[in-house]
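Here is a quick tour for anyone opening this structure for the first time. Have a look at the sequence and the model, then read on.

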Amino acid sequence: MRKRTNAAVLAHGDGLSNPKSLQGDSKQGASQFPSSKKILLLCLVFRMTNSLFVQTYFNPDEHWQALEVAHRITFGYGHLTWEWTKGIRSYLHPMIFAVLYKVLSVLHLDTPLFMIKAPRLLQSIFSAFGDLYMFKLSHVLYGSHVAQWALFSQLTNWFMFYCITRTLSNSLETVLTVVSLYYWPCLRVYSSNDPPVSRTWALVGAAIACAIRPTSAIIWVYVGLMELYVSCNKLKFIFLEVVPIGSTVLGLTFLLDRLMYGSWVLVPLNFLKFNFLSSGGDYYGTHPWHWYFTQGFTVMIFTFLPLMVVGIIQSKHWKLSGLILWVLGLYSVLGHKEFRFVLPVLPIALAFSGYSLAMLSQQHSSGTKSKKARDSRTKSSWKIQAAVFFLLATNLPMAVYMSMVHQRGTEDVMNYLAKEAYHGNLKSILFLTPCHATPYYSTLHQNLPMRFLDCSPSEVKGIPDESDRFMMDPMGFISQFAKNWSQPSHIVLFDNEEKHLKDFLLSHSFEERKRFFHAHFKVDQDLQASVVVYALLDR
């Protein structure tokens with residue numbers, strides 16, 4: 001059995017040794033760079049502000065698989081989608097927001113404003129810890145100078161700004177991934193200046209991430225095998241650490257799910273069956289195998305991409321860069337692909353971008369006094385300033401537009417309806433939109449009748465769901481639907497369907513009450529430029 005020494009770790013570090021300049025920077029980092037508390041405070045202020053800027057609709061799961069479930073747990077009403085009847089979701093993630101809702105309820109703060117803003121503010125706190133640990137991970141690997149630029153990359157990347165404070169399970173998974181990676185010994189080159197790490201915390205973080213999203217195991221199989229390879233006591237690692245910690249965390253999650261479902265439900269197994277063995281996720285659309293490489297991840301990292309590539313080459317940290325490739329490669333095998341699935345490796349990619357920026361800025365800060373060195377320093381100064389300007393000029397407008405403008409109508413309409421319901425001006429709502437196009441009871445926060453068009457997967461392939469039938473023939477669908485409806489006080493629909501239904505709505509005593517801007521361009525359907533609210537004339 002091989003002993004784990006510093007030399008052994010370096011031998012298996014696969015290029016972890018840094019350039020001498022960065023190693024020297026690491027030795028002085030503790031005294032030259034702000035403390036973790038100051039970094040955390042900076043990140044908290046930034047992410048909480050970030051969460052207030054996010055006012056658009058990105059993915060239905062943010063509301064329907066987290067907040068809607070939490071609202072049902074706390075207040076007794078809320079819609080559970082088909083995933084919860086099939087037992088492929090764990091209650092662990094929604095329970096976090098259920099606790100938040102309970103606190104708001106006890107303090108009598110469950111008003112429309114707090115119900116809308118508080119969940120993302122809570123997630124922003126988690127996200128700030130993710131930023132802190134990304135900084136700390138970069139610091140122990142490359143020194144404080146790289147950590148500074150890695151944090152800059154993390155905070156200015158448009159997709160991190162757009163997504164990380166949303167209440168998606170992927171956002172919390174990303175935070176847990178970064179925190180856990182910091183504690184894994186196999187990713188480090190040890191020196192006397194490094195703080196000690198506990199593999200226990202690494203395993204706890206990984207286990208919780210897997211409990212929240214079973215697909216997180218893709219990351220931890222890779223990291224775990226690396227740790228096993230360099231571990232001096234493999235049997236101890238497996239049987240006294242991995243098995244007990246994993247069993248405890250997952251066991252507690254099973255107990256929680258048993259309590260909430262009312263029966264024993266093995267969520268990871270059901271999740272595996274649906275998404276991998278039966279390709280159930282393909283029901284929601286498929287992409288070509290190369291999508292993450294040519295579109296998905298490249299859009300997420302955006303203009304940081306060339307810096308990431310250079311940073312990978314310069315740092316020679318093949319373990320972490322290999323993790324990015326491993327995750328993108330395995331997710332590429334699945335037919336159904338989404339940006340958020342690979343969010344956990346985006347901070348790693350941005351850390352490499354930070355490495356590249358640090359190398360540019362370090363050339364600029366060289367202390368050599370010769371004329372040749374001064375000329376070189378001037379050239380380097382221009383390079384780093386141009387790089388920073390380019391990154392800010394491309395990422396900040398994108399972050400603001402996507403977070404505050406694009407697809408904001410479906411959030412605005414529910415915020416408006418929540419206020420109307422709060423003041424007693426609303427009795428019932430019918431959503432004539434694609435399913436899950438808006439938030440639901442978690443935003444309305446009034447136990448009023450609501451109806452949306454269902455899109456649960458059919459047991460028989462080829463049969464269009466309710467939402468699809470409406471989209472194919474809006475007038476035919478609503479004419480049939482209205483024969484048996486309990487007439488709602490309000491109807492919500494997109495403008496592209498309004499043109500087909502306007503005469504019907506007017507003939508049934510509805511009038512336009514409010515119109516909200518939604519988008520400038522189409523995404524995967526016809527342009528949905530605005531969201532319209534119709535109300536009965538006598539309401």
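## Inside strand 3

Let's start with strand 3, where H490, V492 and F494 point one way while I491 and L493 point the other way, and all are buried. Keep in mind that this is a predicted model. Strand 3 covers residues 490-494, and five of its five residues are buried, so the rest of the structure largely encloses it.

## Neighbours on either side

Strands in a sheet pair up through backbone hydrogen bonds, and they can do that in a parallel or an antiparallel way. Strand 1 (residues 429-432) runs parallel to strand 3, and four bridges join the two. Across that pairing, F431 stands opposite V492 of strand 3.

Strand 5 (residues 530-536) runs antiparallel to strand 3, with five bridges between them.

Zoom out and you find an open sheet of five strands, in the order 2-1-3-5-4, with mixed pairing. Strand 2 (450-452) and strand 4 (510-517) are the edge strands, each pairing on one side only. From one strand to the next, the twist averages 20°.

Helix 20, made of residues 409-422, lies across strand 1, strand 3, strand 4 and strand 5, and it runs at about 130° to strand 4.

Now for a helix pair. Helix 12 (residues 217-230) packs with helix 13 (residues 234-261) at an angle of about 135°, and their axes are 8 Å apart. An angle over 145° would have counted as roughly antiparallel, but helix 12 and helix 13 are oblique to each other.

Who does the touching? On the helix 12 side the contact is made by G224, E227, L228 and Y229, and on the helix 13 side by K234, F237 and I238. Sorted by class, this contact between helix 12 and helix 13 has four nonpolar, one polar and two charged residues.

## A serine tucked away

Last stop: S138, which lies in helix 7 (residues 112-142). Is S138 buried or exposed? It is buried, with a relative accessible area of 2%.

The side chain of S138 reaches the backbone oxygen of M134 at 3.0 Å. Leaving aside residues up to four places away in sequence, S138 touches G143, A147, A150 and A351.

Definitions and conventions
Residues are numbered from 1 along each chain as its sequence is written. This is a predicted model: local features need pLDDT of at least 70, side-chain atom pairs count only at pLDDT 80 or more; totals for chains, interfaces and linings use all residues. Side-chain values use heavy atoms; hydrogens and water are left out. Axes are lines fitted to C-alpha atoms, for helices over the stretch in contact, and angles run from 0 to 180 degrees between N-to-C directions. Angles under 35 degrees count as roughly parallel, over 145 as roughly antiparallel, 65 to 115 as roughly perpendicular and the rest as oblique. Contact means heavy atoms within 4.5 Å. Ala, Val, Leu, Ile, Met, Phe, Trp, Tyr, Cys and Pro count as nonpolar, Asp, Glu, Lys and Arg as charged, and the others, Gly among them, as polar. Buried means under 20% relative accessible area, exposed over 50%, partly exposed in between (1.4 Å probe, protein chains only). Two strands pair if DSSP finds at least two bridges between them. A polar contact is a pair of N or O atoms within 3.5 Å; within protein, one must be able to donate a hydrogen and the other to accept it, and residues adjacent in sequence count only if both atoms are side-chain atoms.
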